[in-house]
Amino acid sequence: MSQNPAQPASAAPLLETQVAIVGAGPAGLMLAHLLRREGLETIVIEKRDPETIRATHRAGILEAGTVDMLVDSGVDGRVLTEGHEHEGTSLRFEGRSHHIDFQEAVGRSVRLYPQNEVFWDLKEASERDGGTVFWSVDDVAVHDVESDRPGVTFVDAEGAAREIRCRILVGADGSRSVCRKAIPEDVRTDHFTEYPFAWFGILCQAPPSHHELIYTRSESGFALISQRSDDVQRMYFQCDPTEDPDDWSDEQIWARLQECVSGPDGFRLQEGPIIDKTVLPFRSYVCEPLRHGSLVLVGDAGHTVPPTGAKGLNLAFCDVRVLAPALVALLRDGDERPLAGYSGAALERVWKAQNFSYWVTRMLHSSSEDSEFDSRRQLGELHAITDSPYGRAYFADSYTGWQA
């Protein structure tokens, strides 16, 4: 069961495990879940409490491979019963929607199911299966990552000092990763780019405006029309990264969104009370390598992508899909070769996802520095995708998750 043992620091024993995981987001919990199924010992620590993580609204598009990981590994969550299958999406430009049929193009679908609910399903599976998780920890520090007995120290929710020693330490602690900083600067290469725009995101109480996602490129900038449930919707529009959400009234927000999607086809959004608003800055980042000594990184600890391509959570699960069997081979069978190849194998897909996310982001967003040539070129690129079965297949293959 998840634990927050209440013991004074002087009485706290040294905790020993095979794999210690820093970060109990979906990537960390999925890795622990897969390793438990193979009989390996894990301990997970997390700075936040479960309710805070569940209340944090994140991306909601799951590739088929991500759904399969949840279902086939016995998480038994609600992804199939409460998630919504999307067999395509629409690229909207020049005031018209151009549908890309994923099933027709590549025979795959994606599923709309919020990341915070994926987290909750994995948290429930951890408790069901007797997983050990320390929530609401503080003062996290990692040690001796170049040895075969690395460790992590922290203060638990009751104020007791704790130390874990393990064979493998996994950093799944997000984009501000403590674990990543343990890779020396003369070993680590940080690849980074920042974008000149952000997303202004809202949650609103309204019926869906469309049954699938709509990615819009307009004279007023980018907008994404998404869903969360039958009565709560998620929408975004392009804004300056310094924008303050409190400066925008509901009326101004709806006016901008309607302006972005307006066109000769008369399409309009279903409006309702706005219950949450936030600004999401954009950046792309990759750490190389993803392994140093007995430390490995997964998910946002090792790489981040802009949300345009819906790759964040899916890419983290791909890391786990490579790492889990490599750890089983090492810890159960004594075979070090799969772990030695982890960073290279994971990064191959990471860079494909970076390319797709960057490409889609640049194709759909406008910048103050854009010329008329840039705008016309973007429209030409969009037509090249939507007017050709090969263009639609390339987009669909990348968006739904490469199978090869």
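1. Leaving aside residues up to four places away in sequence, Y399 touches I61, E63, F102, V110, L213, Y215, T308, G309, A310, K311 and F356. Please keep in mind throughout that this is a predicted model.

2. Overall form. The protein chain contains 11 helices and 21 strands. Its C-alpha trace spans about 70 × 40 × 40 Å along the principal axes. For 404 residues a compact globule would have a radius of gyration near 22 Å, and the chain has 22 Å, so the two agree. Buried residues account for 55% of the 404 residues. Of the contacts between residues at least 6 apart in sequence, 73% join residues at least 24 apart.

3. Domains. The domain assignment gives domain 1 as 14-84 + 112-193 + 284-364 and domain 2 as 195-282 + 368-400. The C-alpha centres of domain 1 and domain 2 are 29 Å apart. To the contact, domain 1 gives 27 residues and domain 2 gives 25 residues.

4. The largest core. Which residues have the most contacts inside the largest nonpolar core? They are V170, F395 and Y399, in a core of 104 residues. Helix α7 (residues 312-333) supplies the largest share of this core, with 12 residues. Domain 1 and domain 2 both give residues to this core, so the core lies between them. Another core, of 21 residues, lies apart from it and includes A198, C239, V261 and L269.

5. Aromatic pairs. The structure holds 20 aromatic pairs. One of them is F200 with F237: the ring centres are 4.8 Å apart and the planes are at 10°, so this pair is stacked. F200 belongs to strand β14 (residues 189-205) and F237 to strand β17 (residues 232-239), so the pair ties together parts that are 37 residues apart in sequence. Both F200 and F237 are buried.

6. A second pair, with Y399 again. Are the rings of Y215 and Y399 stacked or edge-to-face? Their centres are 6.0 Å apart and their planes are at 85°; planes over 60 degrees apart count as edge-to-face, so this pair is edge-to-face. Y215 is in strand β15 (residues 214-218) and Y399 in helix α11 (residues 389-400), so far as sequence goes 184 residues apart, and the pair links distant parts of the chain. Y215 is buried, with a relative accessible area of 2%. Y399 is also buried, with a relative accessible area of 2%.

7. Lysines over tryptophan rings. K123 lies over the face of W120, at 3.9 Å from the ring centre. K123 is part of helix α5 (residues 115-128). Is this lysine, K123, buried or exposed? Its relative accessible area is 7%, and under 20% counts as buried, so K123 is buried. Not counting residues up to four places away in sequence, K123 touches L29, P50 and W135. In a second case, the charged end of K311 sits over the ring of W402, 4.8 Å from its centre. K311 is also among the residues that Y399 touches.

8. Backbone points to check by eye. Most residues other than glycine have a negative phi, and most peptide bonds are trans. The peptide bond from E288 to P289 is cis, with omega near 0°. P289 is placed in the loop between β18 (274-288) and β19 (291-292).

9. Positive phi. E94 is not a glycine, yet has a positive phi of about 55°. E94 sits in the loop between β6 (88-93) and β7 (96-101), and is partly exposed at a relative accessible area of 45%. D139, which is not a glycine either, has a positive phi of about 55°. Where is D139 found? D139 is in strand β10 (residues 138-143). With 53% relative accessibility, D139 counts as exposed.

Key:
Residues are numbered from 1 along each chain as its sequence is written. This is a predicted model: local features need pLDDT of at least 70, side-chain atom pairs count only at pLDDT 80 or more; totals for chains, interfaces and linings use all residues. Side-chain values use heavy atoms; hydrogens and water are left out. A nonpolar core is a set of buried Ala, Val, Leu, Ile, Met, Phe, Trp, Tyr and Cys residues joined through side-chain atoms within 4.5 Å. Buried means under 20% relative accessible area, exposed over 50%, partly exposed in between (1.4 Å probe, protein chains only). Helices (H or I, at least four residues) and strands (E, at least two) are DSSP runs, numbered from the N terminus. Domain bounds come from an automatic or database domain assignment. Contact means heavy atoms within 4.5 Å. Rings of Phe, Tyr and Trp (its six-membered ring) pair if their centres lie within 6.5 Å; planes under 30 degrees apart count as stacked, over 60 as edge-to-face and the rest as tilted. A charge sits over a ring if NZ of Lys or CZ of Arg is within 6 Å of the ring centre and within 35 degrees of the ring normal. The radius of gyration is taken over C-alpha atoms; the globule rule is 2.2 Å times the number of residues to the power 0.38.
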